[in-house]
Amino acid sequence: MTAAIDVAPVSLDGAATDPVIRQVVRSRLVAITDQMRLALQSVSGSPTVTEASDFFTGIYLPDGSFVTMGHQVTFEAPPVGSLIRHLLSNGTKLKDGDRIIGNDPFIGALHQNDVQMCAPLIVDGELLGWAGVMAHETDIGGMDFASWSPKATEVWQEGLRIPAVKLVDGGELREDVLEMILTASRLPAEVGLDIRAFIATLNVAAERLTELSHRYGKSTVLSVMHTMVDDAEALVRARLRELPDGVVHTRDFLEHDGKQNLLFVIDCVLTKRGDSLHFDFSGSSPQANGFVNSSRAGLAGGVAGAVIPTLGFGIPWNEGLLRPVEISAPDGLVCTAVPPAPVGSATVEAVWTVSNVVSAALNRLLLASPKYAHRAQAVSSGTMATFNLSGRDRHGKVFGLHLMDPLAGGFGAFADHDGQNAAGPINAPCPSIADVEVNEQKTPLFYHYRRLAPGTGGAGRRRGGLAAEVGITVSVPQAEALVMTHGAEVPNSVGLGGGLPGAVVSQRFRAAGERPRDLGPKPGSFPITPADLFEVTWQGGGGIGDPLDRDPADVLEDIHYGLVTPEEARETYGVVLSGDGGNGASVDASATIAARREQRAARLGVEPAAVTDPSAVTEAVPDDAVRLGDRLLLVRDEATGQFQVRTPEGVVLSSGSTRWREGAHRFALSLPPSVGATLHADLAVTGWACPRTGALLAVDVHLSDQEPFHDLDLDLAALGLASLAHTGTTAGDPR
């Protein structure tokens, strides 16, 4: 695939074998990637880059496989590689000093705002690899400011699309190409500075890689690059072999395409066999008429955004982590849209939702692995509510802001500890947002408050992290706000093992002298003045385990810290306080026992049997059992030789398969007001409880006209007991 370049690739002959030298080179490659980050943030003037780190830097093999990446946005690892592979496949003639720019979602970008650049790293006339950089630009043209166009019906309305163009030709900047790009933007100075920052970033990579190659040899550097990817692949495949084989089915939803409040399905069937993963998205909705779609590049980014942080712990992050992954989906879905479908909000709509379902599927497998069960996590911050602001500042100069504060959503709970508050999504491993003062200095934005939002974390034995919330206005006579999200009517941050979802997004607007009004998911553009107030609360993380299993002392501590309200403690956790619920309150133990028993009875409709103490359930798992949930154990029945899914109290829910819902008690579950008050009309919530004790085993958010499905179908014959004889179902598509 290197025929498009008028230079020969570096040969691997003569590569150094000294392990010390190779480790030094490996470390230098990682350091160069970080130096690229420093260059980008030093030159850029955009808070999106300098404060919120919404960008990507990395080094690539000659074929476009990424070797290193920063810890910024994991969505963005594959797209630059797609740009490189496009150049390799279409016969583009490249030479030393070339810098290529692009942003076409139907080539490799996630959406048009994600401007990307790459550079062939040619050392002494031979191709060593590539360097890549990518960042979100606040405005790249289109019918609406910020290139988020709720009214768009086709991609041409959403801003300039750059397929793959030489911006720097042999070291010479093409001013005409740069002028063409900047003319399309409402913020040419900001975009122009970022593009020059991209060039500086690529120049740093080229200089450092040349220095490294001259010191240790080109063949050694390229050999180490290949080895880094191969090693990561070997490590993640070994990890996959430690997870059970089987099929996992997960589904998430996004509402409103900017025109109609339709509900769109992202459906994922994960088949895990040995050391490979196959993700099938064929059951997803057809592409939308509005701008919520993603291209196939976005689908790949969404999968990578969840796979890398979920399975890549302790492993260098590079293309090797994705080599065991196969993705299937026909063209024309909401996550594989084809032109001329609009895709302007892909990153925060379809791409983000893809990441949710992949995260949910992988964590079900982690939970079923004794070695990694403690790492199992509920879904984090299931959406990013977008707020863009534009207008003229006090000097009459055009300004624009893409607010990155929504990254402060709640982290999903882990099996062995609560989720972190305002820790953001898993696709941003090192999330950061600008200081309030920075945003107010750079734009005429004024904060009334920015704080944690009590009650937004998904309830469970382990609580999801709380989301943050803001109340903002402007300090100029008038500006234009552009507001949109999904997850205002869908609880995307779903829980695990009986944990409840985190709160939905709440967007409110209070015009001068009026009462606050709910904006819903896609209000679009509207004017805002200093007398108005826009308020938004983001999604908290999902919980793990039955909320009635949470230690009352933990609930009391949450109340004292303002994380949970006394009302939520009583209604959701069944914890009754003595006194007025203030800092001097304590848990009324006998009333709490009675309240929890009453709630379990309400689930069943009959008086429940006593439950096993939750600490006894979670602290130890029998050697001959596999945990499928907080109160679900997969065991082998000594009498029949079959696998059974049982509760800790010995209630058998299924035999011969892991489709345990067939033996559980089903009931309509009412979610807390912060989660269920604005639930989309096409959705329903079903709870599954132990038929004897009423302990909550799972929560399904599903289409109201469809039955919930079995989400886990493990291959029992591959669990290490191959001689087991059974007549039950085997792993297949659980749909």
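Helices (H or I, at least four residues) and strands (E, at least two) are DSSP runs, numbered from the N terminus. The expected span of a helix is 1.5 Å times one less than its number of residues. This tour concerns a predicted model, in which local features need pLDDT of at least 70 and side-chain atom pairs count only at pLDDT 80 or more, whereas totals for chains, interfaces and linings use all residues. Residues are numbered from 1 along each chain as its sequence is written, and side-chain values use heavy atoms, with hydrogens and water left out.

**First stop: helix α7**

Select residues 296-311, which form helix α7. How many of the 16 residues of α7 are buried? The number is 14, and α7 is thus mostly covered; buried means under 20% relative accessible area, exposed over 50%, and partly exposed in between (1.4 Å probe, protein chains only).

**Second stop: a sheet of five strands**

Next, display the open sheet with the strand order β12-β11-β10-β9-β31, whose pairing is mixed. Two strands pair if DSSP finds at least two bridges between them. At the edges lie β12 (325-328) and β31 (712-714), each pairing on one side only. Select β11 (residues 276-280): this strand pairs with β12 in the parallel sense over four bridges. Within this pair, F279 has I327 of β12 as its bridge partner. Helix α7 packs on the sheet and touches β11 and β12, where contact means heavy atoms within 4.5 Å. The direction of α7 makes about 150° with that of β12; axes are lines fitted to C-alpha atoms, for helices over the stretch in contact, and angles run from 0 to 180 degrees between N-to-C directions.

Side chains of opposite charge can pair when their charged atoms come close. A salt bridge is a side-chain nitrogen of Lys or Arg within 4 Å of a carboxyl oxygen of Asp or Glu, and the structure holds 41 of them. Select R603 and D546, whose side chains meet in a salt bridge at 2.9 Å, N to O. This pair links distant parts of the chain, 57 residues apart: R603 belongs to helix α12 (residues 589-604), and D546 to the loop between β21 (533-537) and α10 (552-560). Are R603 and D546 buried or exposed? Both are buried.

R550 counts as buried because its relative accessibility is 1%, and D558 counts as buried because its value is 4%.
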